[in-house]
Amino acid sequence: MTAKRGPSIEFDHYAPEFARDFAEGFVELRSTCPMGYTESHGGYWVASSYEYARRVLSDDENFTVERSADGKTGGKIIPTAPHAPSIVPGSLDGAAHDRLRQPLRPLFTKNYVETKLGPVVRGIANELLDGLLDRDEFDFENEFSLKLAVETTFEWAGLDVEDKLGVLLMLEDAFAIDPEAGTGRDALAVATSEQFGAAAEVVRELVRKRAAEPKDDAISHMIAPDTGLTEDEVVSLTLSVAAAGIRNIGASLDNMLLHLDEHRDLRRELIENPGQISKAVDEILRIYSPAPFVARTALADVEFGDIVVKAGDRIAALVGSANHDETKFPDPDKVKLDRRDGLHLGFGVGSHYCVGNLLAKMELRIALETILSRMPEFQVVREKTRRYDLVGTNNGFTTMTVRPKPISSENL
Amino acid sequence: VTHVPQVDEDACKASGACVNTAPEVFELEDVSKVVGTAPDDVLLAAAKACPKRAIRIVDQDTNLQIYP
């Protein structure tokens, strides 16, 4: 285990430098060492080119998302959080994974997402803005993005609980995905295990209710006899989906707003051609990759050029870098509405490709349509906007202040 | 691009394996549809991932079947 794995790199996804700038930060790493080994957090490989990152994510025969049998090593985050419950089906491979994922598929098709949930999202976005547009400024992350994502996801599931945001925050701690927890994730998972148990019981009650009296929501569809899922599995799936998708939506919405604040020409173009908004959304997802770092564990020795990743080694796909790979995406830092460079890795790829990607894209598209039609002249107040200090798990914001109407020069 | 995928819609059971392997090429509703293109190795991997062997890869120029 002490043998040098080489080529070694200075890298830590929980370092402040990592958070500073995706666009420029990884250019050198990608060109000089697309597969490098860092000693941080017990050691792991970093695949930073598009080709290598895609290979790591696609090759589920050689790379597993699962934790070791004792739960102490492996998994999708580094360092491992042994005390966190598993997010399903994302933390499983093979048949066990497919069995849990298959029943989710009909609940995330384009048709289901657009016709059933589209109007819901539009309603939530409008209602939230109704309460915000008269204000001089508001916290876009906490009063719009996060609420939109929470309301939509809970509505999808059919989770009609009182304190939705409270439930979400607790789930994030329990699952060890609190965006800012850094290396303290496992401690949080331990501290919240009791609350997690309580939340699971609340969901279990709902699952039983829906089993007896089905509604047209995800919980009802999952607990229906034809899926073959047990009550425990439906509870886990519901908690997992509620926890997994929300921050990525919030982060992407915030990044979108900041980008359109910096690029007024693009904003004008989207206001004039709302049909282009979905393309802009995909470009923002590529450029600001909400989940920039995704880990696996090698199951066998795998060659990348003349480098050999050994069985048992930890390895990460650096999505935030791969999505800026200039050999795949020329002029990578620019939103190009006519870009045809193929798949970005913002939703991953392979057997764990984000099952909710169409829901996410629809939410972002409708949110932006609503924002551009109701507050087309918004401004982001930079001095009252703060990105997370640590973005290794989520490339988002703790707060983002937005003025819905520009302040006229007389008032300054 | 000379290689193109063709989905046998009667054989497709919408497992989603092709979408996961090549999200840039396939989209799923009741069955899988071809909506884009990708390099040959990605197309082949997607076809091989199909548990129903419902995806054929054909060379557009020669009309020859590359896979299966």
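**Strands, a sheet and a cavity**

In chain A, strand 3 (residues 63-64) and strand 5 are antiparallel partners, joined over two bridges. The model is a predicted one. Within strand 5 of chain A, Thr297(A) is the residue that stands opposite Thr64(A).

Strand 5 of chain A also pairs with strand 8 (residues 314-317) of chain A, again in the antiparallel sense, and here the pairing runs over four bridges. Val294(A) has Ala317(A), in strand 8 of chain A, as its bridge partner. As a general point, the strands of a sheet pair through backbone hydrogen bonds, and the pairing is either parallel or antiparallel.

Is strand 5 of chain A largely enclosed by the rest of the structure, or is it open? Buried here means under 20% relative accessible area. Five of the five residues of this strand, which spans residues 294-298, are buried, so strand 5 of chain A is largely enclosed by the rest of the structure. The burial applies to both faces of the strand. On one side lie Val294(A), Arg296(A) and Ala298(A), and on the other Ala295(A) and Thr297(A), all of them buried.

Chain B has an open sheet of three strands in the order 1-4-5, with antiparallel pairing. Its edge strands are strand 1 (3-7) and strand 5 (65-67) of chain B, each of which pairs on one side only. On average, neighbouring strands of this sheet are turned by 40 degrees against each other, with direction ignored. Strand 4 (residues 55-59) of chain B pairs with strand 5 of chain B over two bridges, in the antiparallel sense. In that pairing, Val58(B) has Gln65(B) of strand 5 of chain B as its bridge partner.

A helix accompanies these strands. Helix 2 of chain B, residues 40-49, lies across strand 1, strand 4 and strand 5 of chain B. Relative to strand 4 of chain B, helix 2 of chain B runs at about 150 degrees.

How many cavities of 30 Å³ or more does the count give? The count comes to one cavity. The largest cavity holds about 90 Å³ of space. Its lining consists of 14 residues, and those nearest its centre are Cys12(B), Ala14(B), Ser15(B), Cys18(B) and Cys50(B). By class, the lining of the largest cavity has nine nonpolar residues, three polar and two charged.

Technical notes:
Residues are numbered from 1 along each chain as its sequence is written. Chains are lettered from A and ligands numbered from 1 in the order in which they are written. This is a predicted model: local features need pLDDT of at least 70, side-chain atom pairs count only at pLDDT 80 or more; totals for chains, interfaces and linings use all residues. Side-chain values use heavy atoms; hydrogens and water are left out. On a 1 Å grid over the protein atoms alone, a cavity is a set of points where a 1.4 Å probe fits but cannot get out, and a pocket is an open set with protein on both sides within 12 Å along at least five of seven lines; lining residues have an atom within 4 Å of a point. Grid points are joined across faces, edges and corners, and a volume is the space filled by probe spheres set on the points. Ala, Val, Leu, Ile, Met, Phe, Trp, Tyr, Cys and Pro count as nonpolar, Asp, Glu, Lys and Arg as charged, and the others, Gly among them, as polar. Buried means under 20% relative accessible area, exposed over 50%, partly exposed in between (1.4 Å probe, protein chains only). Two strands pair if DSSP finds at least two bridges between them. Axes are lines fitted to C-alpha atoms, for helices over the stretch in contact, and angles run from 0 to 180 degrees between N-to-C directions. Contact means heavy atoms within 4.5 Å.
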